[in-house]
Amino acid sequence: MRVLGVDPGLTRCGVGVVEGVAGRPLTMLGVGVVRTAADADIGVRLVGIERGIEEWLDRFSPELVAVERVFSQHNVRTVMGTAQASAVAMLCASRRGIPVALHTPSEVKAAVTGSGRADKAQVGAMVTRLLRLSAPPKPADAADALALAICHIWRAPAQNRLQQAVAQNRLQQAAAQHQAAARASAHPQAPAQHQSSAVKGRTR
């Protein structure tokens, strides 16, 4: 599986491509950041992020794009920028028919380091170790993007099994409802007959 991880942000949008399967050594194919000028108009910045992500999609042709799920923070302005960059990443992938997966920061940290409260230094160190790199990717946004890709590759099999179980359960429920409906139609109640008997009883 080849996954493009995207750590959304307006000024620095981390991107990283990882290839491999769960249970085996993973390989980093590329890592970097898409940058925009902080003093530029918001529309111009979003276009810049779009072009940058499109270039990564063209270059690496990932099978899936993993994006950090936006969560509430005290800095509303930062949340808005992150959400906008996240939407651009999802748009670029969906326009090409590439599936998108969202992972929370704590989920990614737990998958990579074993602790959902790990700091950026710990995440960078584990990413370096897992991908057998000579040094942690810089800036931290780039390391976070790789961590997102790693998280999805490791968790995809479990998620697929869960989705298959849910789908199977829905099929079983639908089959049970269909059988119940078929039995009901084969043995309908006859309220009209009971009503007729009651009428006869009164006429006597």
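This section describes the fold, the helix packing and selected residues of a predicted model.

The chain contains 6 helices and 5 strands. Followed along the sequence, these elements are arranged in the pattern β-β-β-α-β-α-β-α-α-α-α. Of the 204 residues, 35% count as buried. Among the contacts with a separation of 6 or more, 63% involve residues 24 or more positions apart. The chain exposes about 12200 Å², and carbon and sulfur atoms supply 53% of this area.

Helix H1 (residues 42–60) and helix H2 (residues 76–95) have axes that come within 9 Å and cross at roughly 40°. H1 is therefore oblique to H2, and the crossing of H1 and H2 is right-handed. On the H1 side, the residues that meet H2 are Ile 42, Leu 46, Ile 49, Glu 50, Ile 53, Glu 54 and Leu 57. Their counterparts in H2 are Gln 84, Ala 85, Val 88, Ala 89, Cys 92, Ala 93 and Arg 95. Sorted by class, this contact of H1 with H2 comprises 10 nonpolar, 1 polar and 3 charged residues.

The second pair consists of helix H3 (residues 105–113) and H4, which pack at an angle of about 50° with their axes 9 Å apart. This angle makes H3 oblique to H4, and H3 passes H4 in a left-handed crossing. H3 contributes Lys 109, Val 112 and Thr 113 to the contact, while H4 contributes Gln 122, Val 123, Met 126, Val 127 and Leu 130. By class, the contact of H3 with H4 has 5 nonpolar, 2 polar and 1 charged residues.

H4 also contains Ala 121, a residue that is exposed, with a relative accessible area of 57%. The C-alpha atom of Ala 121 is separated by 8.0 Å from that of Ala 140, and the two residues are 19 residues apart along the chain.

Several backbone features were identified in loops. Most residues other than glycine have a negative phi, and most peptide bonds are trans. Ser 61, although not a glycine, has a positive phi of about 45°. The position of Ser 61 is in the loop between H1 and strand E4 (64–68). Arg 132 likewise has a positive phi, near 55°, in a residue other than glycine. Arg 132 is found in the loop between H4 and H5 and is exposed, with a relative accessible area of 51%. The loop between helix H4 (120–130) and helix H5 (140–186) also holds Pro 139. The peptide bond leading from Lys 138 to Pro 139 is cis, with omega near -5°.

Two residues of helix H2 were considered individually. Thr 78 is located in helix H2 and, at 36% relative accessibility, counts as partly exposed. The C-alpha atoms of Thr 78 and Gly 9 are separated by 8.3 Å, although these residues are 69 residues apart along the chain. Ser 86 is also placed in helix H2, but Ser 86 is buried, with a relative accessible area of 3%. With residues up to four places away in sequence not counted, Ser 86 touches Pro 8, Val 67, Glu 68 and Val 70. Of these partners, Val 67 belongs to the contacts of Ser 86 and falls within the residue range of strand E4 (64–68).

Gly 16 lies in strand E2 (residues 12–19) and is buried, with a relative accessible area of 0%. Leaving aside neighbours within four places in sequence, Gly 16 is in contact with Val 3, Leu 4, Gly 5, Gly 30, Val 31, Ala 145, Leu 146 and Ala 149. Among these contacts of Gly 16 are Ala 145, Leu 146 and Ala 149, which fall within the residue range of helix H5 (140–186).

Technical notes
Residues are numbered from 1 along each chain as its sequence is written. This is a predicted model: local features need pLDDT of at least 70, side-chain atom pairs count only at pLDDT 80 or more; totals for chains, interfaces and linings use all residues. Side-chain values use heavy atoms; hydrogens and water are left out. Helices (H or I, at least four residues) and strands (E, at least two) are DSSP runs, numbered from the N terminus. Buried means under 20% relative accessible area, exposed over 50%, partly exposed in between (1.4 Å probe, protein chains only). Contact means heavy atoms within 4.5 Å. Accessible areas come from the Shrake-Rupley method with a 1.4 Å probe; for residues, only the protein chains shown count as cover. Axes are lines fitted to C-alpha atoms, for helices over the stretch in contact, and angles run from 0 to 180 degrees between N-to-C directions. Angles under 35 degrees count as roughly parallel, over 145 as roughly antiparallel, 65 to 115 as roughly perpendicular and the rest as oblique. A crossing is left-handed if the near helix is turned anticlockwise from the far one by less than a right angle, and right-handed if clockwise. Ala, Val, Leu, Ile, Met, Phe, Trp, Tyr, Cys and Pro count as nonpolar, Asp, Glu, Lys and Arg as charged, and the others, Gly among them, as polar.
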